Amino acid sequence: MTLIRGNTEKNIKYITDDKQTAAGTEISEIKGRQLKTTGIAMALAAGICWGFSGACGQFMFDNKGMNSNWLVSVRLICAGTAILVYLLIKNPRAVIEPWKDKRDAADFIVFSVFGMTLCQYSYFMAIQHSNAGVATVLQYMGPALILVYVCLRTKRRPKLYETAALILSLGGTFILATHGDIASMALSKEALFWGIMAAVTLAVYSVHPERIVNKYGSLLPIGWAMFIGGIIMNIIFKPWNIEGVIVDGGTLLGLAGVILLGTILGFSLYLKGVQIIGAADAAMISCIEPVSAVAFSVLWLGERFMLIDILGMVLTIGAVFVISFFKGRSIKE
């Protein structure tokens, strides 16, 4: 009887342990799904923040007498200072570490000037000469340009999906710029120039800092790049001498949208999303940015787009989705 009772107690214990293990596994799976959902929501929110930032810039250009020289100078110096102060509080020694290495210091300066500063300036110049929706879509030619660069650097032919993405990107830009009529221009030359420049500098912004981002993380290079770029822009354009800028409650709210939501919160959400769901998925989800920029332009700022404009935007954004989808799938495989 004792032996039977002992075996029964063991069996009950094994069954209880199995149930606890199954319950623990189920809880872990639920938490995993919840965490992934959180990561997706963060990447999505980051893209919406960036789109809203562009719309805020357009609002201030149209209503507050502001221009890109003023806005980008103020945005970079304020956002860069805020990020560096945060990092100084967190780890003071790490903030100055890049300047102890000549190669790292040179990369930080190049990234600041030709990546961050020119990317921000050209993007807002494109908005100034067109609108937030068109400028953001044109900037999103950047991933297609990165493909061209990678193929040239590695001396290989583009893959089928890369070729398709390039055709979609170029076709979308052509439709946006000409409405399908090569003899006319639907966009001003200034808007097209700065939009293409935004795409080129976005490619530089994405490719050049790879080594220093791997070494120092994303936030430190971004903070220094914005701070250095802000100093350069303020020295060149002297925003305090620019006349005609209306500084009131609407302007302060617009600046908050550009600096706090579009820069600090946007990048923070995106980087946390990358940490949770990975860079490939986060990049694809954050492609909501041009969609949100167009939506804010229409719903808030009253912009009107023709059907052919929407077609051009769909083609250009589609190119980014093609790149992100196939690149993400190859990484997972």
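Student: Where in the chain is confidence lowest, and where is it highest?

Tutor: This is a predicted model, and its lowest confidence sits in helix α12 (residues 279–285), at a mean of 69. Helix α2 (residues 68–90) has the highest, at 95. Over residues 1–6 the pLDDT is below 50, and that stretch has zero contacts in the model beyond near neighbours in sequence. Where pLDDT is low, the predicted coordinates should not be read in detail.

Student: What is the mean pLDDT of the chain?

Tutor: The mean is 84, with 87% of the residues reaching 70 or more.

Student: How many helices and strands are in the chain?

Tutor: There are 14 helices and zero strands. Of the 333 residues in the chain, 42% are buried. Take contacts between residues at least 6 apart in sequence: 84% of them join residues at least 24 apart.

Student: What makes T316 count as buried?

Tutor: The cut-off for buried is under 20% relative accessible area. T316 comes in at 1%, so T316 counts as buried. T316 is placed in helix α14 (residues 307–332). Leaving out residues up to four places away in sequence, T316 touches V137, Y140, M141, L168, S169, G172 and T173. Its C-alpha is also 8.4 Å from that of A165, 151 residues apart in sequence.

Student: What makes the phi of K155 stand out?

Tutor: K155 is not a glycine, yet has a positive phi of about 55 degrees. Most residues other than glycine have a negative phi. With 78% relative accessibility against a cut-off of over 50%, K155 counts as exposed. K238 is another non-glycine residue with a positive phi, near 45 degrees. K238 lies in the loop between α10 (219–237) and α11 (249–277) and is partly exposed at 37%.

Student: Why is the contact between D248 and K64 called a salt bridge?

Tutor: A salt bridge needs a side-chain nitrogen of Lys or Arg within 4 Å of a carboxyl oxygen of Asp or Glu. The closest N and O atoms of D248 and K64 are 2.9 Å apart, so the pair qualifies. The two residues are 184 residues apart: D248 is in the loop between α10 and α11, K64 in the loop between α1 (2–63) and α2. D248 is partly exposed at 29%, whereas K64 is buried at 12%.

Student: What makes E97 and K100 a salt bridge?

Tutor: The N to O distance is 3.6 Å, within the 4 Å cut-off, so E97 and K100 pass. K100 is exposed at 59%, and E97 is partly exposed at 34%. E162 and R156 also pair, at 2.9 Å, with E162 buried at 4%. Then D104, D107, R211 and K215 are linked in a salt-bridge network. The structure holds six salt bridges.

Student: How do you know that R75 has no salt bridge?

Tutor: The nearest side chain of opposite charge, E289, is 8.0 Å away, and the cut-off is 4 Å, so R75 has none. R75 is buried and lies in helix α2. The R75 side chain does make a polar contact with the side chain of T263, at 2.8 Å. Its contacts beyond four places in sequence include S53, Q120 and F124.

Notes. Residues are numbered from 1 along each chain as its sequence is written. This is a predicted model: local features need pLDDT of at least 70, side-chain atom pairs count only at pLDDT 80 or more; totals for chains, interfaces and linings use all residues. Side-chain values use heavy atoms; hydrogens and water are left out. pLDDT is the predictor's confidence in each residue, from 0 to 100. Helices (H or I, at least four residues) and strands (E, at least two) are DSSP runs, numbered from the N terminus. Contact means heavy atoms within 4.5 Å. Buried means under 20% relative accessible area, exposed over 50%, partly exposed in between (1.4 Å probe, protein chains only). Lys and Arg count as positive and Asp and Glu as negative; His and the chain ends are not counted. A polar contact is a pair of N or O atoms within 3.5 Å; within protein, one must be able to donate a hydrogen and the other to accept it, and residues adjacent in sequence count only if both atoms are side-chain atoms.
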